[in-house]
Amino acid sequence: MLSMEPPQKHQRVGRIAAAITGMIVAVVGLGVAELAAGLKRNWRSPVLDVGDRVIDHVPRWAKEFAIARFGSNDKTALLIGIGLMLAVYAAIVGIIAFRHRLVAGMVGIAAFGLLGAWAAIEARTHPPVNVAI
């Protein structure tokens, strides 16, 4: 049976196991968010919403670099980059939660969810930015 208490010193979870657990929690969280997004036709994937917010807020030179470097695959590269950043973030949160403080891990998970919620809300309340200006 799993306990909600952090592991004791003699029961410490290894870094790799903690990182993998953090990534599994992130995948489950994203899966639930994707399922929720599928409940209404006009709701979008939270990953796509975050990608749109990145595009909206990144400097013009970074957009131009991505288009020059990746061509028509720039959106795919962006989504892969978001996935990699989320994996690293989730691994760090897992390590912090299992090796240090469970509460800190919960705060990290909450921040992860709030970022996705902000991206979704921002998408519905602000018009898209015209990058051709």
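A: The structure holds 4 salt bridges. A salt bridge here is a side-chain nitrogen of Lys or Arg within 4 Å of a carboxyl oxygen of Asp or Glu. Side chains of opposite charge can pair when their charged atoms come close.

A word on the source. This is a predicted model, where local features need pLDDT of at least 70, side-chain atom pairs count only at pLDDT 80 or more, and totals for chains, interfaces and linings use all residues. Residues are numbered from 1 along each chain as its sequence is written, and side-chain values use heavy atoms, with hydrogens and water left out.

Start with Arg44. Its side chain meets that of Asp52 in a salt bridge, at 2.4 Å from N to O. The side chain of Arg44 also meets that of Asp49, at 3.6 Å from N to O.

Arg44 is partly exposed, at 34%. Asp52 is partly exposed, at 23%. Asp49 is buried, at 1%.

Next comes the pair of Asp56 and Arg53. Their closest N and O atoms are 2.7 Å apart, and they form a salt bridge. Asp56 and Arg53 are separated by about one helical turn, because they are 3 residues apart in helix α2. Helices (H or I, at least four residues) and strands (E, at least two) are DSSP runs, numbered from the N terminus. Asp56 is partly exposed, with a relative accessibility of 22%. Arg53 is buried, with a relative accessible area of 9%.

Now the surroundings. The largest pocket holds about 670 Å³ of space. On a 1 Å grid over the protein atoms alone, a pocket is an open set of points where a 1.4 Å probe fits, with protein on both sides within 12 Å along at least five of seven lines; lining residues have an atom within 4 Å of a point. Grid points are joined across faces, edges and corners, and the volume is the space filled by probe spheres set on the points. The lining has 29 residues, and Pro46, Val47, Val50, Leu115 and Gly116 lie nearest the centre. Helix α2 (46–57) is among the elements that give two or more residues to this lining. The most comes from α5, with 9 residues.

Technical notes. Buried means under 20% relative accessible area, exposed over 50%, partly exposed in between (1.4 Å probe, protein chains only).
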